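Please look over the model shown here.

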Amino acid sequence: MAVTKMNAKQLHDKIDSGQPVLLLDVRNQDDYNDWKIEGKNIQSVNIPYFEFLDENETTYKDLPKDAEIIVICAKGGSALMVAELLDEKGYKASYLEKGMLEWSQFYHPVTVADDGDMKLFQINRLAKGCLSYMVVSEGEAMIVDPNRHVEEYTSLAEKENANIVHIMDTHLHADHISGGQALANQTGARYYISSSEMQGADMSFEPLEEHTEIRFGAVRVKILTIPTPGHTPGSVSFLINDKYLLSGDTLFVGGLGRPDLGGKAKEWAQSLYETVFKKIALLPEDIIVLPAHYADIQEINEKGFVGATLGEIRRSNEIMRTENREQFTEKVAGTVGATPPNYEEIVDINRGVIKVTSDKATELEIGPNRCAVHHG
Amino acid sequence: MNGDKVLDAKGLSCPMPVVRAKKAMDELKSGQVLELHTTDSGATNDIPAWAKTAGHLVKEQSEENGVYKFWIQKG
């Protein structure tokens, strides 16, 4: 027998097939607890690779001989070593060739809507819990909140025979590096973001606040920009055809965006309150909310995308019904937890203030997403 | 701090720094100190985690110009 190597897409296809998948993650316990591959049908076991260096049968005691074991580590080296050890002992072993490094850069597009005149894709960067969107109509495409691996979007647009004409960020991202500017440079499309997000920025952009409605395609695809401050002062949401709300980091399936990343948690929490009870409250219950992040795989619905109706979100999140301003502020400003790793540096990159190499960008982005707050 | 043995694992990537460190440690007596040099940033978490599992003690660690140094006392 020989060990089989697997890339991120092959691993995802396996997970997506619904069959039980056994992952043996051989990174150290802290790294594993901080960030790991999760899925509804995944059984995950953590045994650090260095525990396999001693000939000790108890290390293997929880591993079945009759099922495929997929070994995962940070970059692939340790996983290969462990997979080979398992193989020698008669286990069925394969390994993720470039480890969590590759997993962090894997994107999976899902069709959310296909209305004939308009197609809406959610592009899920699983490892980061980052969601971006492509709206296509009659050969033209709009991309919302693109991540930095811009070829994911250009190849998807190509597949749909569409030219990318509009690119927007709902806000200045703090947890991942935006692909907005790079994608605009590559495609010639316009890049939009709120001016208030870009103070001191060293890049050109189209001020989003000057556009209350953007249309593209021969068919009417209406996009309203709704200022929804709270997570950041210049956050906006896009309402597409009165039906789909791309809510950025303002509203999630499982809660609201954290207001503390600017060092003014209480103040921004007030804006979030206004947004929730004076703007979002006016929208109909049945619009479909599509956020820029998710924190838990439970947020992926039965159709395979992360989203829920506004009514469902109201029902399942008490914070959406907490109309007492003080209680609301206390809740959203008080329960935010660990900040996204390297967020200050990432914000500077997204403003064009500093530039980094691709390797450095990968390193800065590694780890889970921490933009959502869970209100218990 | 001086080690009883110095292991240069610079340029090696995971899992080799830990694999080499384990081999070097096997040749030391309890209480002796291994000085390990590595350029693998993953080692900053892995070396202490391995040492803890194996019952060794990281007495000191440092980083200078991308070289991580560990002084590990055999348990």
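In which strand of chain A is the place of A:Asp114? A:Asp114 sits in strand β6, residues 108–114 of chain A. Note that this is a predicted model.

**Sheet**

In chain A, 7 strands build an open sheet with mixed pairing. Their order is β6-β7-β8-β9-β10-β11-β12. Strands β6 and β12 (206–207) are the edges, and each pairs on one side only. Within chain A, β8 (residues 130–137) and β9 (residues 140–144) run antiparallel and are joined by 5 bridges. A:Val135 has A:Met142 in β9(A) as its bridge partner.

**Charges**

A:Asp114 also belongs to a surface patch of negative charge, together with A:Asp115, A:Asp117 and A:Glu138. Over all chains, the structure holds 21 salt bridges. The table lists some, including a pair in chain B.

| Salt bridge | Closest N to O |
|---|---|
| A:Arg190 and A:Glu206 | 3.7 Å |
| B:Asp8 and B:Lys10 | 3.3 Å |

A:Arg190 lies in strand β11 (residues 190–193) of chain A and A:Glu206 in strand β12 of chain A, so this pair ties together parts 16 residues apart in sequence. A:Arg190 is partly exposed at 40% relative accessible area. A:Glu213 is partly exposed at 32%. B:Asp8 is partly exposed at 47%, and B:Lys10 is partly exposed at 39%. Salt bridges with shared partners link A:Asp54, B:Lys22 and B:Asp26 into one network.

**Burial**

A:Leu246 is in strand β16 (residues 244–248) of chain A. Is A:Leu246 buried or exposed? A:Leu246 has a relative accessible area of 1%, so this residue counts as buried. A:Leu246 and A:Val144 are 102 residues apart in sequence, and their C-alpha atoms are 8.3 Å apart in space.

How values were computed. Residues are numbered from 1 along each chain as its sequence is written. Chains are lettered from A and ligands numbered from 1 in the order in which they are written. This is a predicted model: local features need pLDDT of at least 70, side-chain atom pairs count only at pLDDT 80 or more; totals for chains, interfaces and linings use all residues. Side-chain values use heavy atoms; hydrogens and water are left out. Patches are made of residues with over 30% relative accessible area and no salt bridge: like charges are joined within 9 Å, nonpolar side chains (Val, Leu, Ile, Met, Phe, Trp, Tyr) within 5 Å. Accessible areas come from the Shrake-Rupley method with a 1.4 Å probe; for residues, only the protein chains shown count as cover. A salt bridge is a side-chain nitrogen of Lys or Arg within 4 Å of a carboxyl oxygen of Asp or Glu. Lys and Arg count as positive and Asp and Glu as negative; His and the chain ends are not counted. The place of a charge is taken as NZ of Lys, CZ of Arg, CG of Asp or CD of Glu. Helices (H or I, at least four residues) and strands (E, at least two) are DSSP runs, numbered from the N terminus. Two strands pair if DSSP finds at least two bridges between them. Buried means under 20% relative accessible area, exposed over 50%, partly exposed in between (1.4 Å probe, protein chains only).
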